[in-house]
Amino acid sequence: GLNKTGLGGWLYTTDLDDLSQVDVNGNPVKHSGTYGIYFFVDAALYLANSSNSRGLFSFFRIGIAEAETNKVDFYLDSGLVYRGLFPERPDDQIGLGVSLARFSDGFKEKQKQDQVLIEDTEVLLELTYKYEMGPGFSLQPDFQYLFNPALAKGADNAISIGFRLALE
């Protein structure tokens with residue numbers, strides 16, 4: 001269907017290194033596995049002309065993970081996609097999204113131990129347009145603006161522009 005929601009989780013059972021804690025010999029403390037949970041919603045907000053393929057669609061995802069062995073312990077993204085904005089281009093898509101990643105206390109502590117100062121979070125805005133050039137062939141310019149690049153404390157915000165050519 002057009003509207004979906006889900007809740008899930010993951011678990012790694014292998015031994016993993018703690019990001020910042022060491023034992024008396026200076027070796028990383030071992031943890032028996034790691035875990036995380038996530039939730040998502042995909043929804044059609046508006047359907048044009050009783051169509052199931054043209055209209056405004058949304059997505060939302062959130063996830064959390066254990067902070068001792070995972071670099072990111074909280075992630076969130078959301079956005080909107082309009083398919084068929086122009087009547088003569090019913091398969092084209094324009095999308096706007098935002099994502100936020102928060103770095104775990106364990107990762108921040110490890111970076112601090114290595115004398116690398118990082119921000120707590122980074123936020124990304126993205127705007128893209130998928131131009132369907134023919135059956136199975138598309139061109140997709142993409143513009144991204146990164147606020148607060150977290151792996152470099154005090155770094156300027158960043159811009160990324162890219163193009164994707166797809167043959168499907």
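The model is predicted, so local features require pLDDT of at least 70 and side-chain atom pairs count only at pLDDT 80 or more, whereas totals for chains, interfaces and linings use all residues. Residues are numbered from 1 along each chain as its sequence is written, and side-chain values use heavy atoms, with hydrogens and water left out.

Helices (H or I, at least four residues) and strands (E, at least two) are DSSP runs numbered from the N terminus. Two strands are said to pair if DSSP finds at least two bridges between them. Strand S2 (residues 28-47) pairs with strand S3 (residues 55-65) in the antiparallel sense over eleven bridges, and Leu 47 stands opposite Gly 55 in S3. S3 is also joined, through ten bridges, to strand S4 (residues 72-83), and these two run antiparallel. In this hairpin, six residues lie between S3 and S4, and Gly 63 stands opposite Tyr 75 in S4.

A residue is buried under 20% relative accessible area, exposed over 50%, and partly exposed in between (1.4 Å probe, protein chains only). In helix H1 (residues 105-113), the buried residues are Gly 106, Phe 107, Lys 108 and Gln 111. These residues pack against strand S1 (4-22) and strand S5 (93-103), where contact means heavy atoms within 4.5 Å. After H1 comes Gln 115, with a positive phi near 60 degrees.

A nonpolar core is a set of buried Ala, Val, Leu, Ile, Met, Phe, Trp, Tyr and Cys residues joined through side-chain atoms within 4.5 Å. The largest such core has five residues, namely Leu 19, Phe 103, Phe 107, Ile 118 and Ala 150. Beyond residues up to four places away in sequence, Leu 19 touches several others, including Ala 67, Ser 104, Phe 107 and Lys 110.

The structure holds eleven salt bridges, each defined as a side-chain nitrogen of Lys or Arg within 4 Å of a carboxyl oxygen of Asp or Glu. One of them links Arg 102 to Asp 73, with the closest N and O atoms 2.9 Å apart. Because Arg 102 lies in strand S5 and Asp 73 in strand S4, the pair ties together parts that are 29 residues apart in sequence. Arg 102 is partly exposed, at 35% relative accessible area, whereas Asp 73 is buried, at 10%.

Within helix H1, Asp 105 and Lys 108 lie three residues apart, about one turn of the helix, and form a salt bridge at 3.3 Å between the closest N and O atoms. Asp 105 is exposed, with 56% relative accessibility. Salt bridges that share partners join Asp 105, Lys 108 and Asp 120 into one network.
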